[in-house]
Amino acid sequence: MKKIQSINPYSGELIQEYNLLTQEEIDQSIDRSQIAFQAWKNESFTRKSNLLKRAGEELRRSKSYYAELITLEMGKVISESLAEIEKCAWVCDFYAEKGAEFLQPETILLADGHRAKVINQALGPILAVMPWNFPFWQVFRFAAPTLFAGNTALLKHASNVPQCAMAIEEVFKKAGFPSGVFQTLLIDSTQTLTLLENPAVMAVSLTGSEKAGAAVASAAGKNIKKSLLELGGSDPFIVLKDADIPLAAKTAAKARMINFGQSCIAAKRFIIESPVYDLFISIFIEEISSLNQGDPKDPQSQYSCMARPDLAEELFQQVQKSIDLGAKVVLGGIAPEKGSARFAPTILTDIPVNAPAYSEELFGPVACVFKVEDEEEAIKLANSTEFGLAASLWSKNQSHAEELAEKIESGAVFINAMVASNPFLPFGGIKKSGFGRELSRQGILEFVNTKTVYLG
């Protein structure tokens, strides 16, 4: 029988193995979700708000425990894991406070003197297919609005974080959510696609790779079900010649190295105007070189390892091919040891158009730095990608930067700041970075039936 394994990526130790659910067990879970939905959709906003607040309280109360699970299963340094749990509690609090306001009916006065109401009603069981890189946050930013809207949730988490997946279900149970409202399913990708054929499953939200997104969206489309996709990014970090260069360069290092570079919104392509290029890259190299690598459980470690050895090998192959095609290494470029998830932070420059580092997403601690002659070339290069998730733009001329931001093809542009997700702001991409929006008011309206009631 195929098993799901929980492996410590830093030590390579096998922690535990779990059996995949049988089809009968999956069907039983869907039935429980559907039954729970019939009652949950009618629960008051007040009760839902109270339960979400209690979920946030549970996360904060046991923050160290949940953070240690993240660090154990995917190698995130403990300081970042603790911050991730705190952010999950924040999104629970946010929807507990704002959810009722976001879902309020709207009354429309028509030209003929009649009125209509627009109401928002839950859909039913929603499937979430979630990644390993932020194993708690990605789930909670889906679950908090989806559950508050009155839906129930079925989680198919990444196969390398099963303990995190089961712990998330426990958070909702401890908070007092009714049985069946949130369930974790230990299943594989094939079983996931089959799940979408069940008429009780009403929609799917996926955060992950372009390949996984295409497969899930295809299955959803085939079964006439809504899908939301948050996929990869090759996010530009644009520095104009009038920017605060030391601040931009130091922020750039943080933006590339957050979660050891394993983030869809981590800055990946650094596009620098030529007059300030030398100053920027010297500070950038110094900042990344000064970071402390070590055991992820050590509070002093600023980065540790990638989530799996195969991911480290895949990333290095992209780097090596880019070097073979002419890219220049100014930091790192060292092959990981065979079977190891540890990786040396790398900076590439002079990257040719045909190199993987030019057009592909490099999901790890590899920075691609480009020199451009002017802002027009910077915007053109920023947009010369299949992705469009988020961008960072640096200039002391705020009004001009706002004008340029409108020309950047992405779901978000952060001016003089590092890109970050925030419950108050809509989050999502365009092009091959996906479609739909999470967080904010838009996020809670993704999985509701926006119903018009005409009052004749």
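Figure 1. Leu229 touches Leu206, Gly213, Ala217, Ser433, Gly434 and Phe435, leaving aside residues up to four places away in sequence; contact here means heavy atoms within 4.5 Å. The model shown is predicted: local features need pLDDT of at least 70 and side-chain atom pairs count only at pLDDT 80 or more, whereas totals for chains, interfaces and linings use all residues. Residues are numbered from 1 along each chain as its sequence is written, and side-chain values use heavy atoms, with hydrogens and water left out. Leu229 belongs to strand S9 (residues 226-230); helices (H or I, at least four residues) and strands (E, at least two) are DSSP runs, numbered from the N terminus. With 5% relative accessibility, Leu229 counts as buried; buried means under 20% relative accessible area, exposed over 50%, and partly exposed in between (1.4 Å probe, protein chains only). The C-alpha atom of Leu229 is separated by 6.5 Å from that of Gly436, although the two residues are 207 residues apart along the chain.

**Figure 2. The largest nonpolar core and the contacts of Phe136.** The largest nonpolar core has 123 residues; such a core is a set of buried Ala, Val, Leu, Ile, Met, Phe, Trp, Tyr and Cys residues joined through side-chain atoms within 4.5 Å. The residues with the most contacts inside this core are Leu59, Phe136, Phe140, Phe177, Phe270, Phe280 and Phe284. Helix H4 (residues 78-102) supplies the largest share of the core, 10 residues. Phe136 touches Leu59, Tyr66, Ile70, Glu84, Ile85, Cys88, Cys164, Ala167 and Ile168, again not counting residues up to four places away in sequence. A second, separate core of 19 residues includes Leu195, Ala200, Val204 and Ala220.

**Figure 3. Packing of helix H4 with helix H5.** The axes of H4 and H5 (residues 137-148) come within 9 Å and cross at roughly 15°; axes are lines fitted to C-alpha atoms, for helices over the stretch in contact, and angles run from 0 to 180 degrees between N-to-C directions. H4 is therefore roughly parallel to H5; angles under 35 degrees count as roughly parallel, over 145 as roughly antiparallel, 65 to 115 as roughly perpendicular and the rest as oblique. The crossing of H4 with H5 is right-handed; a crossing is right-handed if the near helix is turned clockwise from the far one by less than a right angle, and left-handed if anticlockwise. H4 contributes Glu84, Lys87, Cys88, Val91, Cys92, Tyr95, Ala96, Gly99 and Ala100 to the contact, and H5 contributes Trp137, Phe140, Arg141, Ala144, Pro145 and Phe148. The contact residues comprise 11 nonpolar, 1 polar and 3 charged; Ala, Val, Leu, Ile, Met, Phe, Trp, Tyr, Cys and Pro count as nonpolar, Asp, Glu, Lys and Arg as charged, and the others, Gly among them, as polar.

**Figure 4. Packing of helix H3 with helix H4.** The axes of H3 (residues 63-74) and H4 come within 8 Å and cross at roughly 125°, so the two helices are oblique to each other. H3 passes H4 in a right-handed crossing. Lys63, Ser64, Tyr66, Ala67, Glu68, Ile70 and Thr71 of H3 meet Ile78, Ser81, Leu82, Glu84, Ile85 and Glu86 of H4. This contact is formed by 6 nonpolar, 3 polar and 4 charged residues.

**Figure 5. Packing of helix H5 with helix H6.** The axes of H5 and H6 (residues 162-175) come within 12 Å and cross at roughly 35°, in a right-handed crossing. Val139, Phe140, Ala143 and Leu147 of H5 meet Ile168, Val171 and Phe172 of H6. The contact consists of 7 nonpolar residues, with no polar and no charged ones.

Figure 6. Asn133 is found in the loop between strand S5 (125-129) and H5, and is buried, with a relative accessible area of 4%. Its contacts are Met74, Lys76, Gln138, Asn259, Gln262, Ser263, Cys264 and Phe363, not counting residues up to four places away in sequence. Asn133 and Gly75, 58 residues apart in sequence, are 9.3 Å apart in space, C-alpha to C-alpha. Asn259 lies in the loop between helix H9 (245-257) and strand S11 (269-273). Although Asn259 is not a glycine, its phi is positive, about 55°; at 2% relative accessibility, Asn259 counts as buried.
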